[in-house]
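Welcome! Here is a short tour for anyone opening this structure for the first time. Have a look at the sequence and the model, then follow the notes below.

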Amino acid sequence: MKKTTVVQPYDLESINIKNWVTKSNILIESTYKLSLQEQRILLIMASKVQPNDETLKTYRFRAKDFIEIVGNKKGTGFYSYLKEIVNGLQTKILTIKEKGRQRNYNWVITSIYEENEGYITLQFHPSLKYLFLELKEKFTSYQLENVVRLNSVYSIRIYELLKQYERLRKRELTLEELRHFLAIEPTKYKQYGHFKSKVLAVAQKEINNKTDIYFEFVEIKTGRKVTSIEFIITSSPALNGSSSTQEKKLELNQSFSKLEDNTNSLENDLAGLGVKPEKIEWLLSEFTQDHLERNIRYTQNRLITGDVTHPHSYVVKAIQKDYAQVSQESKRINSKKAAKKELVPDFIAQARDKEQILNDATLKEKQELFLKENGTQIEFEEKLLQFQELKRMLILSSNQPTQEEIKKAQEAGLQEVIRNMEEDYNKREKLGLEPRIVKDFKNKELKKMYKNFLQSKVLNRN
């Protein structure tokens with residue numbers, strides 16, 4: 001009896017997170033709703049597409065290779081769950097709008113799950129060829145590792161939308177546009193506060209810590225309502241590459257230093273307060289350097305004392321209405337009134353005025369020095385969160401950490417935050433400045449930690 005040789009129709013494909021994903025910008029700005037696992041599978045498929053391919057090929061993978069990348073739903077057998085995903089992908093729809101026409105495509109035309117063999121066979125729909133192949137312009141490329149480890153569907157989509165504009169360094173989207181790209185239902189996250197905490201804040205933390213770009217965002221209001229988001233994008237080394245995390249951190253800091261060196265001090269100060277680039281350009285052209293400097297310093301001083309909650313809009317108003325000059329005039333008037341009421345000799349009043357000027361100048365210099373070294377409140381919070389994550393990543397060096405290692409990493413991350421709070425507190429105390437105000441912290445976890453930190457300081461002193 002002859003031995004039958006089974007010929008496999010397709011070669012087995014390996015999964016390499018260093019592979020590049022290249023997509024048309026049309027696809028990046030399209031509307032589709034996929035689960036996290038479905039997105040990861042399609043991203044792995046996209047990473048197998050090569051620029052010289054003539055067609056969208058069929059790929060065959062080992063199911064166990066997907067286990068490490070795709071993840072699993074709690075309480076579900078992975079293989080049965082993976083089978084559901086693979087079969088379900090053929091029913092998922094991609095909507096493309098071009099030149100007034102809307103087209104709906106299936107993502108996958110071939111979907112085979114070989115349960116006995118443990119293989120998965122997948123093929124993109126041929127109609128999607130123009131979105132992956134023969135791309136000469138208006139496309140975006142990135143390495144698979146930058147997205148496959150993100151744990152939010154919104155983080156993946158926001159990463160692609162920002163990566164598309166990386167060279168331009170900024171991108172403004174209305175909330176309506178952003179919700180449309182992310183396929184968020186009208187009834188979900190209706191309140192901006194919920195959208196910010198569940199979508200923007202999560203994506204910012206993940207993208208800044210796990211990918212090759214770093215972003216901040218500015219809320220743009222119409223009246224009192226946030227209607228648009230401006231993303232400020234900076235290229236940075238990926239934090240999950242082959243070199244050590246400390247080296248990545250150093251490179252990231254150097255990249256920010258170089259960015260600051262390329263702009264003048266006024267631009268840095270205004271950008272640090274969150275002013276939009278086009279607004280900065282207008283302010284620099286409209287007002288003198290002295291006028292700008294005194295109102296920037298005035299805003300920074302009020303920010304330190306906790307009197308300002310929206311520095312990006314406050315500083316613009318301060319410059320336009322010259323709050324700094326108005327404040328000085330008010331101080332002089334009040335000083336004269338106080339002097340007359342006290343009926344002190346002129347030489348004593350003059351001495352007091354001179355002493356007050358010297359004290360104000362000293363405080364101003366201290367505040368300027370502190371801001372220069374430590375940045376704004378927002379930057380301080382971001383630094384704390386970044387250090388916490390970096391510390392955790394240093395501890396969790398193994399691919400499958402134990403519960404004890406995870407607990408140890410979490411404690412180490414918290415200690416890193418407290419250490420930086422202590423360092424910040426000591427710097428302010430040394431300069432004669434009051435501690436930061438608890439209510440100024442935007443991150444709830446950091447706010448609670450800082451409150452406990454200050455309480456422990458008081459207890460230790462007592």
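A residue counts as buried when its relative accessible area is under 20%. Alanine 183, at 14% relative accessibility, is therefore buried. Please keep in mind that this is a predicted model.

**The three-stranded sheet**

- Three strands form an open sheet in the order E9-E11-E10, with antiparallel pairing.
- Its edge strands are E9 and strand E10 (213–222), each of which pairs on one side only.
- On average, neighbouring strands of this sheet are turned by 20° against each other, direction ignored.
- E10 and strand E11 (residues 225–235) run antiparallel and are joined by 10 bridges.
- Across this pairing, phenylalanine 217 stands opposite phenylalanine 231 in E11.
- Helix H7 (residues 153–163) packs on the sheet and touches E9, E10 and E11. The direction of H7 makes about 90° with that of E10.
- Helix H9 (residues 192–210) lies across E10 and E11, and H9 runs at about 160° to E10.

**Arginine 171**

- Arginine 171 belongs to strand E9 (residues 170–174).
- Is arginine 171 buried or exposed? With a relative accessible area of 5%, arginine 171 is buried.
- Its side chain reaches the backbone oxygen of leucine 161 at 2.9 Å.
- The side chains of arginine 171 and glutamine 164 are joined by a polar contact of 3.0 Å.
- Leaving aside neighbours within four places in sequence, arginine 171 is in contact with several residues, including Glu29, Tyr165, Phe181 and Phe231.

- In soluble globular proteins, nonpolar side chains tend to be buried together.
- The largest nonpolar core here has 69 residues. Ile41, Phe66, Trp107, Phe124, Leu128, Phe132 and Phe231 touch the most other members.
- Helix H2 (residues 36–48) gives the largest share of this core, seven residues.
- Apart from this core lies another one, of 17 residues, with Leu270, Val308, Val315 and Ile319 among them.
- Not counting residues up to four places away in sequence, phenylalanine 231 touches Leu162, Arg171, Leu200 and Phe217, among others.
- How many of the residues of H2 are buried? The count is 13 of the 13, so H2 is largely enclosed by the rest of the structure.
- From its first C-alpha to its last, H2 reaches 19 Å, close to the 18 Å expected at 1.5 Å a residue.

**A hairpin**

- Strand E4 (residues 93–98) and strand E5 (residues 101–106) pair in the antiparallel sense over six bridges.
- E4 and E5 form a hairpin with two residues between them.
- In the turn, lysine 99 has a positive phi of about 50°.
- Isoleucine 96 stands opposite arginine 103 in E5.

- Most residues other than glycine have a negative phi.
- Alanine 183 has a positive phi, near 55°, in a residue other than glycine.
- Where is alanine 183 found? Alanine 183 is in the loop between helix H8 (175–181) and H9.
- Tyrosine 189 is also not a glycine, and its phi is positive at about 50°.
- Tyrosine 189 is likewise found in the loop between H8 and H9.

Terms used
Residues are numbered from 1 along each chain as its sequence is written. This is a predicted model: local features need pLDDT of at least 70, side-chain atom pairs count only at pLDDT 80 or more; totals for chains, interfaces and linings use all residues. Side-chain values use heavy atoms; hydrogens and water are left out. Helices (H or I, at least four residues) and strands (E, at least two) are DSSP runs, numbered from the N terminus. Buried means under 20% relative accessible area, exposed over 50%, partly exposed in between (1.4 Å probe, protein chains only). A polar contact is a pair of N or O atoms within 3.5 Å; within protein, one must be able to donate a hydrogen and the other to accept it, and residues adjacent in sequence count only if both atoms are side-chain atoms. Contact means heavy atoms within 4.5 Å. Two strands pair if DSSP finds at least two bridges between them. Axes are lines fitted to C-alpha atoms, for helices over the stretch in contact, and angles run from 0 to 180 degrees between N-to-C directions. A nonpolar core is a set of buried Ala, Val, Leu, Ile, Met, Phe, Trp, Tyr and Cys residues joined through side-chain atoms within 4.5 Å. The expected span of a helix is 1.5 Å times one less than its number of residues.
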